[in-house]
Every structure is written in structure tokens, then in C-alpha cells.
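These are my notebook entries on one protein model.

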Amino acid sequence: MNGERPWGQEDLLRRLAGAVAGRRLPQSLLVHGPEGVGKRTLALWLARALQCEAVETGDGPCEACRSCRMAARLEHPDIHFHFPMPRPKRAASRAKLREAIETQRHERLALLREDLHARLDPDAVTGLYVAAVENIRDQASRRPAMTRRSVFVIEDAERMVPQSASPEAANAFLKLLEEPPPFAYIVLTSSRPDALLPTIRSRTVPLRVAPLPTERVAAYVAEHLGVDDDDRARGVARRAGGAVYRARTLVDAEAGESEAAADGLLAAALDGTPQARYRAASRYSARGARGELEPALEALRIRLRDMLCVAAGAADAALDPGRTKKSVGAGSRDARGTVGGPAEGAVLEALGAVDAAVEGVGRNLNPQATTALLLEGMSAAFAGRSTGRTAGTPQFAGVLRSL
């Protein structure tokens, strides 16, 4: 399982395998693309390719040599996989803090050995903190233990800046990028590369993992996720937006709570009363936005996208028209009191509020407050008045930062 190839990215893998075999691979890469497109799988595949004993063939990792087998089990001593984690409790010294972070990392690596696509710490506030970056720099200063190279895979690298006013971790990492040891390869992954420090982006070579066509994702859903209904498989693929691993999450969520949660958020926004918004926001805990609120927001975004299609007279382009029609209801009215759902402008502004809330989730802000602001913005949009707190506006960003 952990030795898998990124599904559907054969052309990209061939180019990368050729670059590794020809020793043309840049020393520092930024692998970026939408959430769920397969960046983790690709980065670890590339790490195996760099350590493979038969890599000169140009076919990528052989998956049979000792290095490949150890790497597939996430046990290779010269592949260092780092990812955001909760901040450990206060330690007696900086050395103890760094030791605690390494202990946490190895505990989570054990979980990933069981399921490479496991969501780590979904209900916790996580980040790549300064002590973790110090561990990375210390590991990079030591020569490889078993092979000629050390490979560092840093997942969700934008979260080296968990607070916009606290860039210490990213600045500490920048020193490693400026003068990497000749034997060290650094692979960053990010779904939000624009959130990285510009100085980090400028010192890495970008590598985009592109979304796949809907037909390819539908094939993956049918073949690997056991969805034998063609219409359902295509529906999941369309909602996944070309990201095969997001399709896995959607299939799991169909029988789960995220779709119902999205319905509840939309209903509260359409209701328009403070009481409905308060009840909806109070369902979320004060912590752990990435665990429960994030998938609900993704489902809500799809719902609003479909509402926009309906409002624009393009109902055939809706991803989940049946559920959207049920959510909006025959008696819903737009800002002008017209039966049939909100108008295009209102839905666009509501989508802006969702985008801002997703940004807040990515920064681990308070889920209750984030939801309350989201619903306030959506209700105002549906009622034909603007709060001035849509995505991209300084007002909304300022409110989120103050929470």
C-alpha cells in the first residue's frame, strides 16, 4: 500500500524517472496542486526513486531492492518525512521539545504505514513549528546512513507559517534551502503555494500535479473504490475536481456526515435568522476545524456551485443537482423575493464567504467563530446586503486574524 504509484500520472512519472536517472532532478522541488490530487504519494514515490539501487534504468523505483522495500515501509533511514503536527506540551528545554516532536513524528509514521492516506490529527491545531524545522536542519547536516543521498519530504510546507505574524519556522527553513548539503534533496508539497514565503518559492523548482480528466477519476472510483454504478462514479469524479484521493474522501463521506453538515449550513444561511446561525455554529467544537468543518465546507462549496449553475440557467452542469434542489427547496427566495433560489450575484458572494472560511480552517482558527462569520456573510448575501467580509477583502481577513 505505502509503495504505491501516483494513480493516473504516468507521463509525469516518466519525466521524473528520466530526470533522476540522468541526474537532472533539481535539488529542491515544490510539488503543488489541488488537495487530494496525490502530492504525498508522488513525493514519496520520488523519494524511493532517488534511493533506488536500480534507478539508472530510467523506469523509476524498482520496488524490489532493499532501499525500495524499506522506503515503501516508511523505514528508510535516509528518507525523512515531515508533516504538520500538534505543538508538544511545554518542555523543560529546547532539546526536550525537539525530542518530543520527533517522538510524535514516529508515532504518526506508524499510522501512515497502515494507511498512507490517513488524515493525521484532524481535530488538533497543527503546524511545522520552529523546533521541527531545527530537527530537519540537524538531520540534513548529517551524511546519509545507508545510501548516497538524503531525501526530505516536507508536507503542507505552507504551514511552516501557522500565523502570518510568526514566520520564524519558515525563515529557519530558508537557511537550509539557501545552502543545502550536496547530498540532500528537498521535496516540499503544498496545496496553497501562494501561502509560502516568496523567498522559499524562489529557491525551489515548481512541479505541478495536475487534476485528471473526469473520465479517468471515474475509472479510479469504479476500479479502486468499488463503486459499480456508472452514474454514481461519474458524479463522485465530477465533484472530486480531478483529484483521485479526494474522490476517496467523497465516497467515504457519502455515507458520512459532511453532506448532511453542508445541508445544515446552507439551511441556516437561507433561514436568515441569528438563531438559526447560532444553532448551526454551536454544533462545532471550539477546536479542530480541519477534522469536521473542513469536509463540510467542501461539500457546501459544491452545493453553492450547483446553485450558481441553476441560477445561471445551466442546471445540466450541476455536480449534484438532486441534493442541491432538495437543500434549496421549492419555497426559497432570492434577494428580490423571487421563488426558485438566490440570484447569481448572491451565490457568488456566498461562495466568497466559503472561500474565506476555508482559509480560516487552513490556519486552524476557531471553528465556531469561523462558522458564525461564514453564515453571517452567506445570509447577508442571500438577503441582498453585503457585510464586506467576503474572501479576499481586508475586512474579512482582519476579522479572522482577530479570532
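**Entry 1: the cores.** I began with the largest nonpolar core, which has 44 residues. I noted that a nonpolar core is a set of buried Ala, Val, Leu, Ile, Met, Phe, Trp, Tyr and Cys residues joined through side-chain atoms within 4.5 Å. Buried means under 20% relative accessible area, exposed over 50%, and partly exposed in between, with a 1.4 Å probe and protein chains only. The residues with the most contacts inside this core are Leu16, Leu25, Leu42, Leu46, Leu112 and Val153. Helix α2 (residues 39–51) gives the most to this core, namely eight residues. Helices (H or I, at least four residues) and strands (E, at least two) are DSSP runs, numbered from the N terminus.

I recorded that this is a predicted model, in which local features need pLDDT of at least 70 and side-chain atom pairs count only at pLDDT 80 or more, while totals for chains, interfaces and linings use all residues. Residues are numbered from 1 along each chain as its sequence is written, and side-chain values use heavy atoms, with hydrogens and water left out.

I then asked which residues Leu46 is in contact with, leaving aside neighbours within four places in sequence. They are Leu16, Val20, Leu25, Leu29 and Val187, where contact means heavy atoms within 4.5 Å. I also found a second, separate core of 28 residues, which includes Ala262, Ala268, Ala276 and Ala299. As a general remark, nonpolar side chains tend to be buried together in soluble globular proteins.

**Entry 2: the sheet.** I traced an open sheet of five strands in the order β2-β5-β6-β1-β7, with parallel pairing. Two strands pair if DSSP finds at least two bridges between them. β2 and β7 (205–208) stand at the edges with a single partner strand each, so one side of each has no neighbour in the sheet. Neighbouring strands are turned by 20° against each other on average, direction ignored. For such angles, axes are lines fitted to C-alpha atoms, for helices over the stretch in contact, and the angles run from 0 to 180 degrees between N-to-C directions.

α2 packs on the sheet and touches β1, β2, β5, β6 and β7. The direction of α2 makes about 175° with that of β5. α5 lies across β2 and β5 and runs at about 165° to β5.

**Entry 3: strand β6.** How many of the seven residues of β6 (residues 184–190) are buried? I counted seven of seven. On one side these are Ala184, Ile186, Leu188 and Ser190, and on the other Tyr185, Val187 and Thr189. In a regular strand the side chains alternate between the two faces of the sheet.

β6 pairs in the parallel sense with β1 (residues 28–32) over five bridges. In this pairing, Ile186 is the bridge partner of Ser28, and Val187 that of Leu29. β5 (residues 150–154) also pairs with β6 in the parallel sense over five bridges, and there Ile154 stands opposite Leu188.

**Entry 4: helix α4.** I checked the length of α4 (residues 94–114): at 1.5 Å a residue its 21 residues should span 30 Å, and its end C-alpha atoms are 31 Å apart, which agrees. The expected span is 1.5 Å times one less than the number of residues. Leu97, Ile101, Glu102, Gln104, Arg105, Arg108, Leu109 and Leu112 are buried in α4. They cover an arc of only 165° around the axis, which puts them on the same side of α4; the arc is that of the directions from the helix axis to the C-beta atoms. The face turned away from the buried side carries the exposed residues Ala95 and Glu114. The cover over the buried residues includes α2, β2 (79–82), β3 (85–86) and α5 (130–141).

**Entry 5: single residues.** Met85 lies in strand β3 and is buried, with a relative accessible area of 4%. Beyond four places in sequence, its contacts include Ile101, Gln104, Arg105 and Arg108.

Arg23, with phi near 55°, sits in the loop between α1 (10–21) and β1 and counts as exposed at 61% relative accessibility. Asp156, with phi of about 50°, is in the loop between β5 and α6 (168–178) and counts as buried at 15%.
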